[in-house]
Amino acid sequence: MAQAITYRLKACGVLYNEHRTVNAKLAEVEPQLRPGSSAEAFAGGLSALVRTLERELPPHFAKEEEALFPVMESVTGRGFPPIEVMKAEHAYLVEHFEAVREAAAKLGRSPHAAEARSEAARHLFPLVGTLDQHIVKEDSVLLVMASEQLEATHDSKILRVFDEIDREGRRWG
Ligand SMILES: [Fe+2]
Ligand SMILES: [Fe+2]
């Protein structure tokens with residue numbers, strides 16, 4: 001794995017650590033999600049992936065969209081291209097996640113359902129491939145920029161919203 005990054009802002013460290021949880025699960029289930037894996041292995045891996053992402057991503061995306069991005073935009077101005085790209089990728093990821101979740105539910109009931117497996121496979125690369133690259137871009141570009149542009153007062157403001165989001169919880173669907 002790439003060397004760990006340390007950011008000046010605590011809020012960036014929080015998001016970075018959450019990325020590690022997602023990366024670890026992606027790496028763990030990857031062998032089960034390969035085309036040649038058995039029906040049971042595929043269904044099991046898919047279900048494990050869905051459970052982790054449905055727990056991790058809604059509060060994580062909220063921390064970025066409701067806390068980090070607006071504070072960065074207060075400095076850069078709205079429409080800052082790197083943030084616009086991240087927001088668009090979030091929407092794209094949610095769309096493919098929902099499709100994968102639906103297929104995973106069908107495979108949970110009948111792991112040999114061929115149509116559900118091909119449906120899952122069709123949405124897996126857009127989901128996993130995009131998520132992987134999304135995390136790389138945030139770790140190596142967005143969080144680095146945030147750490148350079150923002151001040152300690154911004155950091156505490158962002159961390160307060162993070163706490164609220166963790167207290168309230170976030171779910172999709
Ligand atoms: Fe993100
Ligand atoms: Fe993120």
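I began with the overall dimensions: for 173 residues a compact globule would have a radius of gyration near 16 Å, and the chain, at 17 Å, agrees with this. The radius is taken over C-alpha atoms, and the globule rule is 2.2 Å times the number of residues to the power 0.38.

I noted that this is a predicted model, in which local features need pLDDT of at least 70 and side-chain atom pairs count only at pLDDT 80 or more, while totals for chains, interfaces and linings use all residues. Residues are numbered from 1 along each chain as its sequence is written, and chains are lettered from A and ligands numbered from 1 in the order in which they are written.

I looked up the extent of the C-alpha trace, which spans about 55 × 35 × 30 Å along its principal axes.

I then listed the secondary structure: the chain has 5 helices and 0 strands, in the order α-α-α-α-α from the N terminus. Helices (H or I, at least four residues) and strands (E, at least two) are DSSP runs, numbered from the N terminus.

I checked burial and found that 25% of the 173 residues count as buried. A residue is buried if 20 or more other C-beta atoms, placed from the backbone, lie within 10 Å of its own.

I turned to Arg101, which lies in helix 3 (residues 81-109). Arg101 counts as buried because it has 21 C-beta neighbours inside 10 Å. Leaving aside residues up to four places away in sequence, Arg101 touches Val50 and Glu54; contact requires C-beta atoms, placed from the backbone, within 7 Å. I also recorded a C-alpha to C-alpha distance of 9.8 Å between Arg101 and His123, 22 residues apart in sequence.

Conventions:
Buried ≥ 20, exposed ≤ 12 C-beta atoms within 10 Å, placed from the backbone. Contact = placed C-beta atoms within 7 Å.
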